[in-house]
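This report is meant to be read beside the sequence and the coordinates. It goes from the chain and its domains to a ligand shell, and then to a few individual sites.

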Amino acid sequence: KKFVYMFNEGNSSMKELLGGKGANLAEMTSIGLPVPFGFTISTESCNAYYDAGKKISPDVQEQILQALARLEQTTEKRLGDPSNPLLVSVRSGAVFSMPGMMDTILNLGMNDETVEGMAKLTNNPRFAYDSYRRFIQMFSDVVLDVDVFFFEQLLEEYREKHGYTSDPELSAEDWQEVIAGYKKIVKDRTRKEFPQEPKEQLFLAINSVFDSWNNQRAIVYRRLNKIPDHLGTAVNIQSMVFGNTGNESGTGVAFTRNPSTGENVLYGEYLINAQGEDVVAGIRTPQPIATLENEMPEVFQQFAETCHLLEQHYHDMQDIEFTVERGKLFILQTRTGKRTAQAAIRIAVEMVEEGIIDKKTALLRVDPDQLNQLLHRRIDESYPRNQLAKGLPASPGAATGAVVFDADEAEQLGNDGKRVILVRPETTPDDIHGIIAAQAVVTSRGGMTSHAAVVARGMGKACICGCEALKIDLREKQFRIGDTVVNHGDMITIDGATGEIMLGEIPMIEPQLSEEFQLLLAWADEARKLGVRANADNPEDAKKAFEFGAGGIGLCRTEHMFMDAKRVPIVQKMILASNLEERESALAELLPMQQGDFEGIFEAMQGFPVTIRLLDPPLHEFLPDKEELLVEVTKLQILDPSSTELMEKEQLLKKVRQLDEFNPMLGHRGCRLGMIYPEIYEMQAEAIFYAIANLADRGLEVKPEIMIPLVGHVNELKEMRQLVIDAALQVQEETGKEFDYLIGTMIEIPRAALTADQIAEEADFFSFGTNDLTQTTFGYSRDDAEGKFLQAYIENKVLPENPFAVLDQDGVGKLVETGVKLGRATKPYLKTGICGEHGGEKSSIEFCYVTGLDYVSCSPYRVPLARLAAAQATI
Ligand code: ADP
Ligand code: MG
Ligand code: MG
């Protein structure tokens, strides 16, 4: 079996065998670039090494020696030959790039004799000794396990003693002295002389590179980046070129384009008279690549051309390592360059314009998840972060503001134009007005899909949840993190993308939808077959959604309109009504308000479809908290027993108790409200139709899709459908206007999915409410699961992912498929969509496409992500 490949025997498709570095070195060799010659020991040899109990088998040894002989032949030098020594680098190179994680040794083959030969041959003793001391230090560190610290300390002392400020000032004699010191360090630390035999050096080094596959930092890096442990690393043996011969030499790294902005200019750094890691080591400050143009115009020219050629060859931005030896350029590595989201977009778009890639490839070059970075305010990275605590990164974006603990106060201050951050143990729908007014929300309890998180994400607002380290004292109006006390009114900054909470104010950068971004999304729209809508509950969100390219609204939750602070008392009046008359009079007050909201939303969407869900949550959510109310009542009973306030509060408490449920999420909510209190749904339907009639006067045509939530039996839908039709007829008669509308349902109860053929008889469309459907399919209470056991389930791999974030295709997905299939068996053109949190998650979006849904609906800020992910699903 072939374990060793010369550079001219491989190519870039052999990454699995040769590692990324080796495959690209081979590829560059074959296209005629100036790559120092060498060979690659395959990843299979690494695995064989481990299988044999960390031993290189005689067969592999033999192949290495043969390859070495060929290398000697080609270079006309010999390893260990003092009159003409071959020196090599021994470089690790895994299948996936793991920059700096494993070991590399330069100048191997140097010893007390070859160093003299080098000095004579190059007529440059200073260079020869400099190379030797580098080799001793690197080899000792990597192979002999002698910490670099000892060498650095010695060199530091030497420099100080002789008044040198930088390494290039040291002469040949200086380095000779340093080398003597280095060798003594090795002897003292290892009780052995520094190995002089070059072949012994070579095999020791190869062993060490194999070993470095399993060093701590490589293991951690693989875990973080989900790289399998069994791949192994290849080892590249390459003849050395020298950037440290003097001022006509140097070494550097460059990206073919700016990896931060994407701008099409060479971006990189180099050092004159330096070798290998000097550039990144930070000992000397490197110079920007642009100045190479003045210092070595010919080399720069050649380098720029090579960069261009490599980009054209690989069709992507490259990250290139190079060395110049006495005015001659060598390329030592190339790989696909890592980049920010902003750069990824710009590079993809410009490469299409330059004819390097096609649009489809461009669409695949940008990771939808990365787009989040661009759509939220971000912390200016040039400022230091003094982190106080870390919670769950529930909604990305950054914010600065004064700490407040109360939603009402947040609203007040927010309306006065103050920036505040609402800090709560947890949030409930009662806090919504405070969340709207706040810059961001922080909670000490609750998970990634807790109320605060869902609401904040919907608004594109930064949010950190479940920050357990936060000890909130609502009475003292302060919170404590360790020894730090943060008082009401103190400024904090949070980063919702990382979950960090920081003391004080840190400057921010505004989000931008660049021209390139818009263009890329336009291409995505051409490619995709799946519609993208947004979840929006108010005109502002609808405008945002429209701006981000949503083709309609897939979910407008009407209860959020009920939670406005000014409306809550009216809603409560409606709930507390003791008879139908009272309830209807409260509803009559609410009607014009709802109507106004609908008009605003319809207008913002400019004729795109809008799906409106009738009231869904249990009514107790609109009433005050039971415990708090009890405290107030008890207080009043003592202080003011005959007051009307007490009477009212007692009344309220009675009602709250009546509405109390053991399992509110499985209780009296959704269409079950409409079934028992039809007047509520009637009012909502009328508000919708009046809004349409009104807009028709202004020449705007609207096609609403009215959605009945939580249907489990076709009879529920049948009854609610009739109710909506009646309302429409009534408004049509009253206003003399004709209008179109659809009536459909959410599929969010397993029974609905399983009887979708029956339900479709009464429905014009289905919208899969996968939040509730996940909840009811797993039997997990969403609000409890995350905090209590879900985290552990995911960590212990009981579940592969959080099913509330990533659609569970095997279970919940099967119900979605069944629902679509049965529904379309009844109505072949039944419109179907999804409106859970999953509508904004890329793997779930792909599933929706494959399952044949017509659209996904997600929060406005996720619309660009969904457009891109929907396009990628079709490619
Ligand atoms: P890493 O994977 O950590 O980047 P490399 O194997 O790329 O490690 O080596 C690091 C640096 O060592 C290279 O960027 C290059 O500057 C230098 N180097 C490696 N091999 C040679 C060589 N044959 N000649 C000159 N310099 C080399
Ligand atoms: Mg490298
Ligand atoms: Mg629901």
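Helices (H or I, at least four residues) and strands (E, at least two) are taken here as DSSP runs, numbered from the N terminus. The model is a predicted one, in which local features need pLDDT of at least 70 and side-chain atom pairs count only at pLDDT 80 or more, while totals for chains, interfaces and linings use all residues. Residues are numbered from 1 along each chain as its sequence is written, and chains are lettered from A and ligands numbered from 1 in the order in which they are written.

**Domains and annotated segments**

The domain assignment, whose bounds come from an automatic or database source, gives domain 1 (4-239), domain 2 (250-339), domain 3 (377-509) and domain 4 (528-618 + 661-874). The C-alpha centres of domain 3 and domain 4 are 29 Å apart. An unreviewed UniProt entry lists residues 16-53, 55-293 and 301-353 under "domain: Pyruvate phosphate dikinase AMP/ATP-binding"; such annotations may be inferred rather than shown by experiment.

**The shell around ligand 1**

Domain 1 and domain 2 both contribute residues to the shell around ligand 1, so the ligand lies between them. A residue is near a molecule if its C-beta atom, placed from the backbone, lies within 6 Å of it; of the 17 residues around ligand 1, Ser 89, Arg 91, Thr 104, Gly 276 and Glu 321 come nearest. Strands S5 (88-94), S6 (104-108), S11 (318-325) and S12 (328-336) each supply at least two residues of this shell.

**Individual sites**

A residue is called buried if 20 or more other C-beta atoms lie within 10 Å of its own, exposed if 12 or fewer, and partly exposed in between, with C-beta atoms placed from the backbone. Gly 769, one of the residues that the unreviewed UniProt entry lists for "binding site", sits in the loop between strand S31 (765-768) and helix H31 (770-778), and counts as buried with 26 C-beta neighbours inside 10 Å. Asp 416, by contrast, is found in the loop between helix H16 (407-415) and strand S17 (420-424), and is exposed, with 9 other C-beta atoms within 10 Å. The C-alpha atoms of Asp 416 and Ser 171, which are 245 residues apart along the chain, are separated by 69 Å.
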